[in-house]
Amino acid sequence: MKSVYPTARKMAGLPDDAVYWPGLPDDAVHRRASPGANVNLLNYIRGFFIIPICDFDSRAGTAYYCPSIMAKIFNLFLSCAGGLEEVCCRELERLKITDCRPAIGGVHFTGTLKTMYRINLHSRIGIRLLVKIAKYHCSSEDELYHKALEVPWNLYLTTNMTFAVHSFVSNSKIRHSKYAALKLKDGLVDAMRRKFGQRPNVDVEHPDVQFNLHLNNNIATLYLDSSGRPLSRRGYRTVLHKASLNEALAAGILYLAKWDGKSALYDPLCGSGTFPIEAAMMAADQAPGLLRNRFGFMGWKNYNRELWDSLRTEAQQRIDHSKIPSIYGSDGRGDNITLAERNSKAAGLSGVINWSVADISEFRPAGNAGLIVCNPPYGERLGNPDQLKNLYRILGDVFKQHCSGHSAYIFTGNPELGKAVGLRTSAKIPLRNGNIDCRLLKYDLYEGTRKKFPAPEKSGDST
Ligand SMILES: C[S@@+](CC[C@H](N)C(=O)[O-])C[C@H]1O[C@@H](n2cnc3c(N)ncnc32)[C@H](O)[C@@H]1O
């Protein structure tokens, strides 16, 4: 163990022998702490640092809302689907975040409570916005439990609040994420019982406070989950289509496709309508979080309802449906179109998307400079291999014969099927959909007759 950097130690009022765990970046020390900042921001606890979300009264042992929290800066991590990290960064930059650092599966940045609320409300690509509260070395279940005993949990919850622990484990001696979550929970409960004679209860469904434990290379990072339910669950899905695309992934694909929000957009295999609905929300500047009435941060002791309400009102005022260009969604099944219509109505988008029932062979986009984006079945949840190959082949034929001048994107979890399209891809972007390795295939559909199209590539190169 090494001494803490002297300046950081001085700013935080740490003892001279303060140490940090080797191998940890010094971001455990509050990066924006400046001389004169509240030194309570940073607590030094036996070799690791805790950054509290609010000031606390150590004598009373309770966390409470402190008005000065508005001025504080937190270490944040916005998780997203693998492959969307860069576009997630771009989105955060558009939301006026200036210190984005992409990492695997998300983006690190800093911000205030207001930033935290704004990102939960406005991010289309993010899945969970996490607030870093501690980071420490941890290579056994015992160590995880004993270190958890040291965390001042009362900063974040009281004994009559409920909590849940989610955990993700990779490349570590502790291998089972459920067991890791259990050990952390035991440490939390025992620490609180020792201090207050009572313990908070677990509520997996609707906890007041949700903790996320990320254990990677034997380093445990503890977060508070400010989102609660994943941000991808916007709240417009009335009934689940069995192969519907994750909303945040669909939005990320529209960013990757560089859709400008102005040109026509088509999804000829729209299922429950995720691409058209996400596109319409984007074009209308409709914040994706407006439909939700619950976020993780609402259960916290420092929940500032006034601030949240003012951000919501501001977001409501920005919605402008007149900006929505022509957006078309079609599907071979009438029940899917009924569902898509119902979902768009629930999203507050009645009458702004053109829905129709049509087989892919009948698909004819209007004009010639639109974006076609679709997510054909790829065998995970729908279709048998031969039928699927035929569907991809027809899709390629329709692109060739009737879609000149447009850009087309196919999102698939089965690159082999992509080859059946028979057109040269101009990009193949790797993406993760849950634990499936997927590709976003781009086709530039040139003007002119079929003969002018480049010949389909030989297997191996073509998709
Ligand atoms: C993977 S789902 C698309 C899910 C959609 N992206 C969503 O989020 O709900 C594929 C869709 O293609 C449609 N489909 C399959 N074969 C078709 C065909 N020949 N013509 C039109 N639609 C078809 C299915 O009905 C299904 O809804």
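**View 1. Contacts across the whole protein chain.** Among the contacts in the protein chain with a separation of 6 or more, 75% join residues 24 or more positions apart, where two residues are in contact if their C-beta atoms, placed from the backbone, lie within 7 Å. This is a predicted model, in which local features need pLDDT of at least 70 and side-chain atom pairs count only at pLDDT 80 or more, while totals for chains, interfaces and linings use all residues. Residues are numbered from 1 along each chain as its sequence is written. The protein chain holds eleven helices and 21 strands; helices (H or I, at least four residues) and strands (E, at least two) are DSSP runs, numbered from the N terminus. Of its 463 residues, 45% count as buried, a residue being buried if 20 or more other C-beta atoms lie within 10 Å of its own, exposed if 12 or fewer, and partly exposed in between, with C-beta atoms placed from the backbone.

**View 2. The largest nonpolar core.** A nonpolar core is a set of buried Ala, Val, Leu, Ile, Met, Phe, Trp, Tyr and Cys residues joined through C-beta atoms within 7 Å. The largest one has 115 residues, and Ile253, Ala280 and Val373 touch the most other members. Its largest share, seven residues, is supplied by helix H6 (residues 247–256). Domain 1 (2–225) and domain 2 (247–293 + 317–452) each give at least three residues to this core, the domain bounds coming from an automatic or database domain assignment.

**View 3. Helix H6 and its cover.** Nine of the ten residues of H6 are buried, so that the helix is mostly covered. Among these buried residues are Glu247, Gly252, Ile253 and Leu256. The elements covering them include helix H2 (85–94), helix H7 (274–283), strand S18 (371–374) and strand S19 (407–412). Just after H6, Lys258 takes a positive phi of about 55°.

View 4. Leaving aside residues up to four places away in sequence, Val373 touches Ile253, Leu254, Ala257, Leu265, Asp267, Phe275 and Tyr409.

**View 5. Two loop residues with positive phi.** Most residues other than glycine have a negative phi. Lys96, found in the loop between H2 and strand S8 (101–103), has a positive phi near 70°, and Lys96 counts as exposed because it has 9 C-beta neighbours inside 10 Å. Asp285, in the loop between H7 and helix H8 (305–318), has a positive phi near 60°, and Asp285 counts as partly exposed because it has 16 C-beta neighbours inside 10 Å.

**View 6. The shell around the ligand.** Of the 20 residues around the ligand, Ser244, Leu269, Gly271, Thr274 and Gly332 come nearest, where a residue is near a molecule if its C-beta atom, placed from the backbone, lies within 6 Å of it. The shell divides into nine nonpolar, eight polar and three charged residues, with Ala, Val, Leu, Ile, Met, Phe, Trp, Tyr, Cys and Pro counted as nonpolar, Asp, Glu, Lys and Arg as charged, and the others, Gly among them, as polar.
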